[in-house]
Amino acid sequence: MKYRMVFACAVFATGTAFAADHGPVFSYATPVNSERELSFDTGIFGRNGSRGTQLSTGSGFGYGVTPHLTVNVFLPASFGSGDLPESRMMSGGEWSTGASWRFLHSVTSVGKRIESTASLGLVVPGPQQDSGVLGSLHRAPGVAGTVATGLASRSQYLWFGGGYTRFAEAAKDRRPDTLSWSAVYGYRPSRLRRGYDQWDYRGFAELTGEHTGAVRSGGVILPDSSSTSVWLGPSVLAIFKDVAIEGGVQAPLFRDASESVYGRERIRFAINLSYLKYSSHTSSH
Amino acid sequence: MKTIVASCLLAISTLAAHAEYEQVNLTVFGMDCAPCAHAIHVSMKGIQGVNTVDVDLNTGLVSIKLTPGNSAAMRQFNEAVEKNGFTHKDADVLVRGQLSGSAQAPFLEVTGTNDRYALTPVAAGTDLSGLLGKTVVVDGVLPQSGKGKVSGTLRYKSATEAK
């Protein structure tokens with residue numbers, strides 16, 4: 001029954017509201033695909049800790065159903081092991097699919113808009129097993145919901161977002177619920193506010209945070225298995241017409257995680273490549 | 001009878017061939033970055049008859065030049081903006097069409113499309129009575145319209161008989 005509920009939720013739509021092809025690489029943001037736009041993302045997301053480095057790569061596809069509704073799927077693969085806590089801000093081994101709906105879209109002037117986007121989706125275990133505490137769990141699908149709101153303009157960007165992921169139980173095991181949030185500020189210097197036939201650059205300062213609940217194994221809550229962390233770091237996005245490349249790094253501002261369970265996570269980094277295929281389709285009159 | 005029908009068809013086709021948008025300068029709100037402009041560029045180029053498209057991100061101005069004999073409709077330009085999640089504002093247009101109606105209530109029929117505009121002068125004192133029934137070239141402003149709609153009024157700056 002729980003699985004049915006999870007799948008029913010997924011029918012209505014996403015996973016994460018990451019908008020790497022238009023926005024920050026770690027944080028939640030509001031951009032969605034334009035109508036009939038197909039986007040493809042691939043990259044490497046890494047987490048380094050005292051017990052090793054965990055890397056994730058994969059492919060993400062998005063399609064704009066309407067100017068404000070995008071369906072997406074993300075199929076990552078992970079390698080390396082860091083025995084790290086659950087994270088929904090950083091890509092792991094879970095596959096996800098869902099939809100993002102830009103439910104508020106206020107265009108106030110040339111080059112400026114205020115918007116809010118909600119996402120809902122299904123997260124399913126990928127073919128690869130996690131490492132550490134999470135690696136010993138029976139895995140089940142989960143539901144992820146996010147909301148992001150903010151401002152986009154020619155000079156500055158500001159987005160706030162939050163998300164919650166809840167996994168179903170499998171054989172009395174359950175991955176931890178995850179509450180995540182982010183705030184990101186972006187800036188494009190005046191001399192880089194130039195024509196669209198040149199490279200478009202902007203920089204971001206990304207603040208992200210996560211709280212993961214306790215891990216349940218065999219019906220028993222594992223002690224010291226919850227975690228809280230806050231991360232801060234820069235990222236840079238460069239776009240030329242339909243191709244984008246973005247990279248960023250984050251260091252911890254705050255960590256509350258048991259070192260005996262998870263080790264000590266030191267750094268997060270990401271490199272993302274995007275291809276945006278815009279539609280030239282127009283209706284005839 | 002055949003001759004009459006043929007004459008009518010010839011007359012209609014002649015009008016269609018001489019009625020068209022020549023240039024559309026559309027102000028677009030909400031474009032913040034290069035991919036936004038590129039998306040608009042791709043969408044506009046997908047409209048049959050569009051020759052060149054230039055997008056200025058800092059002013060929001062999308063300048064479209066069209067090839068002679070095109071049958072592009074204003075609704076298509078607006079849709080190209082809307083499908084990318086942006087908002088279209090006023091549009092400066094240079095359009096060729098048939099002037100109909102009366103001197104007090106002139107209309108511009110953009111033959112070959114379903115576009116028909118009530119003409120109102122930007123400045124008072126302009127008399128179009130001498131151009132009624134003729135093919136004219138109008139330079140004017142189409143006010144902002146709602147999503148999926150095109151303004152029914154064209155505020156003209158000038159109207160001259162087409163050569």
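Helices (H or I, at least four residues) and strands (E, at least two) are DSSP runs, numbered from the N terminus. The model on display is predicted: local features need pLDDT of at least 70, side-chain atom pairs count only at pLDDT 80 or more, and totals for chains, interfaces and linings use all residues. Residues are numbered from 1 along each chain as its sequence is written, while chains are lettered from A and ligands numbered from 1 in the order in which they are written.

Select chain A to begin. Three helices and 14 strands make up its secondary structure elements. With a radius of gyration (taken over C-alpha atoms) of 19 Å, close to the 19 Å that the globule rule (2.2 Å times the number of residues to the power 0.38) gives for 285 residues, chain A is as compact as a globular protein of that length. Along the principal axes, its C-alpha atoms fill a box of roughly 60 × 40 × 30 Å.

Next, select A:M90, in the loop between strand 3 (69–79) and strand 4 (95–109) of chain A. A:M90 is buried (20 or more other C-beta atoms, placed from the backbone, within 10 Å of its own) because 22 such atoms lie within that distance. A:R268 is 178 residues from A:M90 in sequence, yet their C-alpha atoms are 8.2 Å apart in space.

Finally, display chain B together with chain A: 33 residues of chain B are in contact with 29 residues of chain A. On the side of chain B that touches chain A, helix 2 (34–45) and helix 3 (74–82) of chain B each supply at least two residues. Helix 2 of chain B gives the largest share, eight residues.

Key: A residue is buried if 20 or more other C-beta atoms lie within 10 Å of its own, exposed if 12 or fewer, and partly exposed in between; C-beta atoms are placed from the backbone. Two residues are in contact if their C-beta atoms, placed from the backbone, lie within 7 Å.
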